[in-house]
Amino acid sequence: MKKYCFSYFPLIFFVLIIIVSGCYYDNEEYLYGDPGTGVVGCDTLNVTYSGTIAPILSTHCIGCHNQNIPNAGVILNNYNGLKTQIDNGRFWGAINHQNGFAIMPPSGIKLSNCNLLKIQKWIDDGALNN
């Protein structure tokens, strides 16, 4: 009669691989978003005009609000034009689709929550030309 030699090593190795692959690093902010906002993966730590706000405006606003096409007299392709709209309170109301303001963009598709958070952070920090 033949004896079969069964090794437990492959079975143990397989079980260990399964257990170890279940361990990974969770970034709480990535998984659950900014505390209080619920927006996942939105970095509002180093928001600047030139590095953050100007690119958002370039993508979503400058096509209709520049020196060549100043719709409603609003010019957003430079800091001074944007600062004027922030100071008179129209900018935030428009992009945040608040009652009593012309919603921007007029397509009705609001800026992403992350972009709104970045703009709000920049405004709250003094809307600096940085």
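Author: The account below takes the aromatic pairs in turn and then passes to the salt bridges and the pocket. The model is a predicted one.

Three aromatic pairs are present in the structure. One of them joins tyrosine 49 and tyrosine 79, whose ring centres are 5.4 Å apart and whose planes stand at 80 degrees, an edge-to-face arrangement. Tyrosine 49 belongs to helix H3 (residues 49-60) and tyrosine 79 to helix H4 (residues 79-87); the pair thus links distant parts of the chain, 30 residues apart. Tyrosine 49 and tyrosine 79 are both buried.

Tyrosine 79 also pairs with tryptophan 122. Here the centres are 6.4 Å apart, which falls within the 6.5 Å limit for a ring pair. The planes of tyrosine 79 and tryptophan 122 meet at 85 degrees, and because an angle over 60 degrees counts as edge-to-face, this pair is assigned to that class. Since tyrosine 79 lies in helix H4 and tryptophan 122 in helix H6 (residues 113-124), the contact ties together parts that are 43 residues apart in sequence. Tryptophan 122, like tyrosine 79, is buried. Through these ring pairs, Tyr49, Tyr79 and Trp122 are linked into a cluster.

The charged pairs come next. Side chains of opposite charge can pair when their charged atoms come close. Two salt bridges are found in the whole structure. In one, aspartate 87 and lysine 83 bring their closest N and O atoms to 2.9 Å. These two residues are four apart in helix H4, so about one helical turn separates them. Aspartate 87 counts as exposed because its relative accessibility is 56%, where the threshold is over 50%. Lysine 83, with a relative accessible area of 22%, is partly exposed.

The other salt bridge connects aspartate 125 with lysine 121, with an N to O distance of 2.9 Å. Aspartate 125 is partly exposed at 44% relative accessible area, and lysine 121 is likewise partly exposed at 29%.

The largest pocket holds about 330 Å³ of space. It is lined by 18 residues, of which His65, Val74, Ala94, Ala102 and Met104 are the closest to its centre. Helix H5 (residues 90-95) contributes the most to this lining, with four residues. Sorted by class, the lining comprises 13 nonpolar, four polar and one charged residues.

Methods: Residues are numbered from 1 along each chain as its sequence is written. This is a predicted model: local features need pLDDT of at least 70, side-chain atom pairs count only at pLDDT 80 or more; totals for chains, interfaces and linings use all residues. Side-chain values use heavy atoms; hydrogens and water are left out. On a 1 Å grid over the protein atoms alone, a cavity is a set of points where a 1.4 Å probe fits but cannot get out, and a pocket is an open set with protein on both sides within 12 Å along at least five of seven lines; lining residues have an atom within 4 Å of a point. Grid points are joined across faces, edges and corners, and a volume is the space filled by probe spheres set on the points. Ala, Val, Leu, Ile, Met, Phe, Trp, Tyr, Cys and Pro count as nonpolar, Asp, Glu, Lys and Arg as charged, and the others, Gly among them, as polar. Rings of Phe, Tyr and Trp (its six-membered ring) pair if their centres lie within 6.5 Å; planes under 30 degrees apart count as stacked, over 60 as edge-to-face and the rest as tilted. Buried means under 20% relative accessible area, exposed over 50%, partly exposed in between (1.4 Å probe, protein chains only). A salt bridge is a side-chain nitrogen of Lys or Arg within 4 Å of a carboxyl oxygen of Asp or Glu.
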